[in-house]
Each structure stands twice: as structure tokens, then as C-alpha cells.
Amino acid sequence: MIDGKRQVIWSAEFHPFRLPSPDLWRDVLQKLKASGFNTVALYFDWGYHSPKQDVYDFTGIRDMDRVLTMAQEEGLYVITRAGPYVNAELSRGGFPGWLVNQRGRARTDDPAYMAAADEWLTRIDAIIARHQINNGGSVILHQIENELALTTPAQRRYMNHLYAKARADGLTIPLFHNDQGRNGYWVPESSKVANVVHGPNDLYAFDGYPGGTCTVQGKPTRGSAAPDWGYYGPGGAKGGASASPDTPAFLAEFGGGWFDYWGSNGGYECNAIQRGKRFQRVFYGTNLANGIDIHSVYMGYGGTSWGWLPAPVVFTSYDYGSAISEARELRPKAEEMKQLGGLIATVPDLAGMVPAGAAVASSPNVQVYHDRNPESDARFLMVTHKPSNGTTDDRFTITADLPDGRYTFPATEPMRLNGFDAKWLVAGVNVGGQRLVYSTSELQAALAADGGDLMLLYGRAGESGETVLRYTSAPQVRVLDGQATSLFDAAKGDLRLTYPHAGRAVVRIEGGGRTPLTLVLADEAEGARYWRQGPALVRGPALLRSAVAKGGTLALTGDTREETPLELWTPAALRSVTWNGASVALKPTAIGSRVATRPLAGPAPVTLPALTWRSAYGSPEAQPGFDDSRWQVAEGKPYASITARPDGQPNLSMDAYGFHDGDVWYRGRFTGTPDAKQLALFYGAGGSGMLQVWVDGQFVGQNELPAGLPRPITTGGARFDLPAGAQASGEHVISVMVRNNGHNWDLDSDDFHKEARGLISASLEAPGGRSFAIPIAWKIQGKAGGEDLPDPARGPANTGGQYGERMGWHLPGFDDAKWQAAATTVQPGTTWYRSRFTLAMPKGQDATVAVAFGDTASPRSVAKYRASIFVNGWNMGQFIAHVGPQRVFPIPEGILNHRGPNSIALAVISDGAPGDVLEPVKLVTLRNVRGGVSVSPVAAPTRPDQLIQEK
Ligand code: GAL
């Protein structure tokens with residue numbers, strides 16, 4: 001209950017750190033709201049804010065106060081999920097880089113770990129506390145740990161600590177933990193259920209991702225029926241798993257898509273379908289019917305794991321197949337969400353429902369979940385196949401005792417359930433001044449205006465619909481548009497309307513003892529054209545962001561994809577209407593709406609420049625004479641990694657030296673002997689990571705970790721033959737570049753995030769693996785400054801230790817005048833390419849531009865190379881040509897300057913073999929609308945001399 005009123009918390013997840021352009025947070029929040037969500041769930045990424053122990057940043061793209069303010073301004077409740085551990089397919093599951101150097105076990109009551117967590121919590125909790133609902137904000141619930149599946153006493157003490165810490169920091173809202181499935185972990189002490197693990201939490205929440213997957217060929221499967229995780233499941237109680245029957249049933253995450261892996265065939269479009277339209281209706285509907293009234297879809301908008309944010313399990317795009325695509329387009333499944341969320345908003349009685357008596361379908365292939373509101377007796381009838389992943393085409397009637405009597409309906413033509421689908425029906429509800437006895441159409445929206453009501457109902461195209469309304473005497477029925485017939489049963493007072501779902505019909509009903517009613521009866525596609533916001537129901541635009549009445553004017557904002565007619569219903573007192581600030585001339589229609597006399601304009605086409613490149617070689621570290629005098633000596637640091645290494649090896653792990661993200665270089669010196677013929681290396685590099693090796697300036701080869709679907713292989717070994725010259729006596733130099741594609745998450749709370757990165761061991765060997773006690777004196781260099789960031793605005797995940805990164809070659813203002821026209825042949829190592837271009841997007845338009853590599857129709861290239869993509873200095877992705885599947889990298893406006901100069905720098909790693917060379921790179925437009933929100937460029941240093949110099 002919020003302020004004494006029951007409410008379904010209908011939420012979707014969004015990660016502000018996966019959209020490094022704060023003005024666009026509002027775009028996503030508005031799209032979630034317009035798609036029917038009343039709540040947004042936010043993870044926060046500790047590591048995103050903390051490059052070094054005791055150093056925190058909450059400015060610019062890290063301004064979490066700002067995202068909370070925006071969510072409230074957009075009318076959304078917020079569920080905050082602040083870790084310390086979040087998982088979320090983030091490098092280290094959201095832990096900061098420096099934490100991997102702690103020896104104490106993370107996610108326990110180890111004092112050093114808890115002190116570290118408290119640093120973060122003190123800061124993030126202070127921000128959240130200001131935005132709590134009881135402090136005038138909109139944050140309603142707060143999560144204190146994520147999927148902590150170890151439930152030992154040390155973990156219980158840790159959980160107690162987290163709870164107490166949140167309370168001490170002023171968080172007074174209900175606190176919960178998110179259980180990985182219905183395991184009954186960390187349920188409130190109040191639960192008297194056996195076989196659960198208690199925690200200090202106020203609510204029990206769990207997550208789940210049921211319902212099949214996409215095949216390797218990218219085809220959706222419907223592996224299982226929707227689970228009954230509440231009333232209709234084993235035990236029959238609310239509270240998921242019956243673990244906590246006295247607290248509201250709470251799905252802190254329910255799969256609204258899935259992530260995708262290095263080396264896949266590109267699953268996001270499939271995921272969008274697999275957990276898309278119909279899935280939402282069947283699965284989310286089953287959840288709601290089961291009494292799960294706090295329901296959060298993971299993800300609502302997935303976004304981009306830019307820079308070195310991704311965990312080894314994912315590549316750059318975190319599109320997730322969610323309702324809002326990475327490019328910020330509303331997918332077709334968002335339209336369905338809008339219709340489902342519309343029902344929840346229209347019928348507040350859906351909150352707090354309990355099972356009602358049986359509602360029986362006349363077909364054995366169909367089941368009806370039947371719930372009622374204990375106070376008003378309003379009904380929810382969730383009609384789906386039995387089992388719910390059934391795909392047959394069935395015709396049937398339903399018999400049930402409803403609040404207004406016993407009915408077998410429809411009375412005329414039977415209902416139809418054709419294929420994988422469900423229907424969310426309501427019965428016995430009051431909507432405005434009307435009494436809806438039942439309807440076989442689904443209710444999307446209602447509007448009360450000028451003493452009358454409007455209801456928007458919809459159904460599958462071609463199916464017939466039946467709606468029964470209750471009156472005290474025969475009302476007058478006029479069909480204003482389309483087809484419908486009506487019959488009044490004077491004995492019951494029932495007015496029965498029968499109509500096909502085809503385009504739209506409009507029926508006006510007056511008299512009969514009720515306020516006048518306009519019924520808009522639409523097919524599904526027609527229904528999807530309507531937006532219910534503020535005091536208006538609007539038909540037409542691709543998006544309605546807001547509808548705000550001020551004085552006699554209704555100000556509408558939104559997007560059009562093409563020239564679009566506008567129609568609306570709104571109180572007559574709102575005489576004038578504006579669309580994105582411009583006034584709209586309107587005329588009345590015969591059906592009681594008003595239409596714009598001229599259509600809303602669509603977007604002008606966008607033209608993008610071709611890219612031309614200059615290049616420079618970027619692996620001078622490979623040369624024996626390279627000056628590494630300022631590099632750190634790699635020895636003597638304490639070893640905190642969980643990775644075993646052979647005795648006698650120095651600590652080579654990059655993290656020990658303050659290098660946590662991106663690439664790292666090693667240079668090792670040894671004295672040659674005729675017996676040392678090979679170099680054996682063991683290394684850690686995350687998902688599809690790699691290393692490259694030179695001896696005395698000569699490239700001896702590279703090694704790449706296999707993609708290893710669906711769980712990556714994150715460490716590996718490689719053996720290289722030494723060049724003959726390296727066996728001569730005297731000093732020789734080994735140069736090694738390790739590409740670190742992220743630290744593991746800590747999903748199983750076993751310190752897996754502390755698996756070593758960079759070199760783990762190195763030995764000189766005779767053929768056959770006999771190793772020598774020939775010492776190698778190593779030096780190491782990663783990101784300039786290590787934990788002391790040269791560029792705090794872009795932050796810890798932006799750069800690693802490539803030479804060009806250390807020199808600022810990725811920055812837009814770097815002077816590349818001395819660089820050559822782009823090379824077509826390539827050397828082993830890293831070659832940098834830079835391009836400058838100007839964009840002149842039409843004003844008042846929102847487009848998403850992406851950087852695309854080679855043949856975008858295929859998930860992989862024959863050419864073997866990889867590229868880090870810097871747009872105006874921001875590392876917006878990692879492309880691996882021969883691994884894939886991502887070849888198109890959306891760049892958010894704000895990072896990309898849509899109206900002015902831009903630069904792209906690519907750091908391309910190749911083995912130097914002919915053909916392993918950068919393919920054609922171009923800019924592409926992924927979407928283009930008229931509208932959008934206004935976006936300022938994200939402030940950050942533009943020239944190398946603006947970087948903070950290493951001490
Ligand atoms: C959940 C976890 C999330 C995320 C998700 C998969 O189990 O809580 O953080 O990892 O799985 O995307």
C-alpha cells in the first residue's frame with residue numbers, strides 16, 4: 001500500500017550507467033512510463049563511481065541524484081538496488097577494481113570487505129534517502145544484496161550489517177534481498193514457514209527467467225509453461241515459494257529478455273520475440289494472477305555496456321531484447337506492454353487480488369485464472385492455454401459466478417485463443433460511472449471527461465468481442481463508427497454489445513441511469529495507436545511523452561516516425577492543444593473526438609558523412625629499445641587472486657599494480673641460453689580475451705581465449721617458440737600485451753571476481769615443457785595513472801593501457817596531423833585509425849546513429865581483428881570481427897555531437913596476417929523520429945593536455 005492505497009507495482013529495470021548521456025535518461029524514463037510502467041528499478045554500479053578506495057564520483061554521467069529526480073518528475077516510483085553486489089553482467093558484478101586486491105572474502109562479514117562496502121553505501125544511501133517517498137521523493141523499495149545464495153553465519157552477519165547500515169543511513173522504506181529463484185533465502189523473520197533461511201529483511205523477493213530460450217540458429221523456443229509462483233502453485237500461498245506468506249509477493253526481476261554472448265549468432269532480436277509479445281501476456285499475466293503484485297521486468301531498457309563495463313559473459317550491447325531497444329526504439333512488445341500496463345492503471349482493483357471460485361472454460365485446452373479483489377469483489381480472468389505454452393487454436397465459452405451474476409459467456413460467438421497467447425479480462429468492475437459486467441475484449445484505457453466516460457477495449461483482429469454493461473433501464477445505443485449490435489436484457493439490466501475486432505468501432509451509450517459512455521472497440525493494432533496520458537487519450541503519434549494541462553491548453557510532447565494524423569479526447573475546457581510546443585488546429589468529429597486539421601509532420605531524412613581515416617602504429621612497447629623506465633616493477637605485491645600460480649613466479653596479476661580494466665603491457669628481460677627454446681604463458685583475460693607476444697621486437701604470435709558459449713573461458717595458456725636469436729647469450733626482451741575483456745562476476749559468492757587478469761605465470765622452457773630457473777624480470781604498464789584517473793569524467797571503465805590510450809590518441813582534440821593516410825596493410829599489434837566528421841541533424845529530431853563494421857548481415861568476418869571504438873574520446877564498444885556477433889554499435893547523442901564536429905578513433909588489434917585488417921567502417925542511422933528530448937553534449941576533456949598527469 002502506498003499512502004493507504006493498494007497498488008500493483010508494475011516496474012521495469014533501467015541501468016543509468018549503461019547510457020552515458022544523462023539527458024537521455026529522461027527519454028528512457030518517459031518511454032517506460034508511456035509503455036505502462038508505474039515504477040522503474042535501478043541498479044547502481046559501485047565500481048562505476050569508485051576508481052580507488054575512498055575516491056568516489058557522483059557527477060556528470062554518474063549523477064545518481066539526477067536520475068532519481070528525473071524518475072520522480074516523470075511520475076515513476078523507484079526501486080533502488082545499490083549492491084554492494086549487483087551481478088548485472090558487469091565486470092566484477094559491480095565491485096570496484098580495487099576490491100579484487102582485498103584478501104578477505106567478499107560478501108561476508110570480513111571486516112575489510114564490510115568497511116569497503118560501507119564507504120560506498122554511506123554515499124549512495126545518502127542520495128537515495130533524500131529521494132524516498134516519505135521524504136518527498138518517489139523511491140519506495142530498496143534492495144540490500146543480490147542473489148546471495150550462501151547462507152552461512154558469516155553471510156547472515158553480513159546481511160544483518162547491510163540492513164543495519166541502510167537504516168543507519170536513513171533509509172526508512174522497506175528493505176529486501178533478491179533471491180536467485182524461489183529458494184526461500186533471506187526471508188523476513190516474521191515468516192513461520194519451515195525450510196527457509198531468515199534474514200533481517202522486510203520483504204522477501206526473488207527473480208526468475210522461465211520460458212525457453214533462443215536456439216543457436218536464433219529461433220525462439222517455448223520450452224515451458226508459465227510457472228505458478230504464488231496462489232496457484234504448490235502450497236498455494238502468496239509470497240512466492242510460500243516462503244513469506246505475510247509479505248507481498250515480489251518478483252524483483254522477471255526475464256523481459258536475456259543477455260547475449262561473445263560468439264553467438266546474435267540473439268537480441270530473437271530474445272525480443274522469445275520474451276516479447278504474447279510471452280508478456282502469458283507469463284506476466286500468470287504472475288499477476290498468482291498474486292505477484294510487485295513485478296519488475298529485467299530489462300525495460302538494456303542499453304550499452306560501454307568501455308570495460310561488461311563481464312566476460314557479454315559483449316558491448318546489453319540490448320537484452322527488451323521492450324526499448326538499445327537504440328531507444330519502442331519494439332512491438334512495448335505496444336503490448338502499454339496495453340497490459342494500461343489495464344493495471346485503469347483498474348486499481350487489480351491490486352491485492354485473491355483467488356475467486358472456479359471459472360471454467362468449455363475447452364480442455366484452455367484454463368482461466370480467476371481472482372477477485374477482497375474489498376470490491378472486482379474480478380481478473382486470465383485466460384490462457386492449458387498448459388500455457390500450448391499453441392492450439394481453440395474456441396470456447398467461460399462459465400463463472402461473477403459479481404453481477406452467473407454467466408456463461410460469450411453468449412453469441414465463442415471466444416478464441418489462437419496460438420501461444422493469453423487474455424487479461426476483467427469483470428464486475430466500476431470504471432468511472434460505468435459498471436462493466438464482463439468483456440471478452442481487453443480493457444486498455446479509460447478517461448472521464450465532461451461528465452462522461454470513455455473506455456478503450458481491444459481484441460485480436462478478426463475475433464468477435466462481447467461486452468456487457470449494467471443499467472437500471474434501457475439506455476440509448478448509437479453506433480457512431482464501425483459495426484456493433486446491442487441487446488438489452490431488462491430483467492438483469494444487462495446491455496450486451498457484440499462486435500468484430502476490426503479496425504475500430506465507436507459506440508455511444510446514453511441514459512439507462514448512468515453517465516454517458518463512449519466505447520472505442522479496437523483491434524489490437526488499432527489499440528496500440530492510443531496513448532493515455534494526463535487528461536487525454538491520444539491516437540496517432542509513435543510516442544506520447546507527456547500531456548499536461550495548463551490554463552485552457554493541453555501541451556502534448558512526443559515523437560512521430562512519419563507524417564501522422566492526430567486525434568484526441570480531452571476535456572472540452574482544454575480548448576487549445578500544442579504538439580511539441582507548436583499549436584495544433586483542431587476540428588471536432590462525429591464521434592466526440594477532435595482531430596488535427598493537418599497531420600503532424602514526420603522527420604526529415606538524415607544524411608551521414610562517409611568516414612575517411614588517418615592511421616598510426618600503436619604498439620611501440622614491442623620494440624626492445626622502448627623506454628619502460630617509468631613502468632612499475634612487477635614483483636613484491638601481495639597476491640589476493642583466487643587463481644593458483646606455480647611456485648616461484650612473481651605476482652604478475654595486473655590488478656595488484658592498480659590496473660583493473662582494459663589492456664595491460666608487460667616487458668620482461670632475461671638472459672638467453674641455447675636450451676630455452678619456448679616461452680610458456682598462462683594468463684587471465686575474460687571473455688574472448690587475448691594476448692600478443694614479441695621477443696626482441698619480433699612478433700612471435702598471439703593467443704585468443706575461445707568464446708565458450710554460453711559461459712566464457714576466461715583464462716588460458718599459450719606456448720611460443722623463441723626466435724633463434726633469443727637463445728644467444730645476453731639480454732633479451734619479451735613484450736606481452738594482454739587484452740583483458742573483463743573480470744568475472746561473483747554470482748556464487750566464491751570470489752570468482754578475483755580470478756587473475758593479465759599474466760599469471762611465464763616460464764622459459766625446453767621443448768617438452770622442461771622449464772628452467774631462468775628468471776624473467778618483468779615490468780608492467782596499464783592505464784595511465786592506474787587508480788588515479790587521468791580522466792575522471794569518463795571514469796574507470798573508459799581506457800586501458802594501450803599506448804594510444806596513455807597518450808590521449810582517443811581524444812577528439814588530439815592532433816593527428818602527422819598521421820598517415822590509412823594503411824591498407826597491417827602490422828602485428830595495435831594500429832590506430834582516426835576520422836573527423838561533422839553532423840548536422842535537423843533540429844527537433846531524435847536519431848540514433850551507430851558505427852558499423854563490414855558486412856552487417858553476417859555475425860562474423862573471415863578477417864581476424866578487433867577494434868575498440870572511441871567516439872569523441874568515449875570507449876563505446878569492442879568489436880571482434882571473427883568472434884561476433886555485434887557489428888553495429890549505437891552511439892547515444894551527447895556522446896555523439898549531432899550538430900557539430902565529431903571524432904572516431906579505432907584501436908585495431910591484428911596479428912598482421914594479410915587480410916586481418918580493418919573492414920570498411922560506416923555510420924548508419926538506426927532510427928529517426930521527429931521529437932525526442934533535448935540533449936547536451938556530455939562534458940569531458942577533449943585534448944591530451946587536459947588529462948590529469950601521472951604523479
Ligand atoms: C539475475 C541477476 C541480475 C542479472 C540477471 C541476468 O539473476 O540478479 O543481476 O545478472 O540475472 O541478466
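The side chains of R887 and E919 form a salt bridge, 3.4 Å from N to O. A salt bridge here is a side-chain nitrogen of Lys or Arg within 4 Å of a carboxyl oxygen of Asp or Glu. This is a predicted model, where local features need pLDDT of at least 70, side-chain atom pairs count only at pLDDT 80 or more, and totals for chains, interfaces and linings use all residues. Residues are numbered from 1 along each chain as its sequence is written, and side-chain values use heavy atoms, without hydrogens and water.

**Domains**
- The domain assignment, automatic or from a database, gives domain 1 (9-330), domain 2 (350-545), domain 3 (637-781) and domain 4 (791-946).
- The centres of domain 2 and domain 3, taken over C-alpha atoms, lie 66 Å apart.

**The R887–E919 pair**
- R887 sits in the loop between strand 52 (874-880) and strand 53 (888-891), and E919 in the loop between strand 54 (899-910) and strand 55 (921-930), so the pair ties together parts 32 residues apart in sequence.
- R887 and E919 are both buried (under 20% relative accessible area, with exposed over 50%, partly exposed in between; 1.4 Å probe, protein chains only).

**Other salt bridges**
- The structure holds 63 salt bridges.
- R66 pairs with D23, the closest N and O atoms being 2.6 Å apart.
- R66 is partly exposed at 31%, whereas D23 is buried at 16%.
- R719 and E765 meet at 2.1 Å, N to O.
- R719 is partly exposed at 44%, and E765 is buried at 8%.

Methods. Helices (H or I, at least four residues) and strands (E, at least two) are DSSP runs, numbered from the N terminus.
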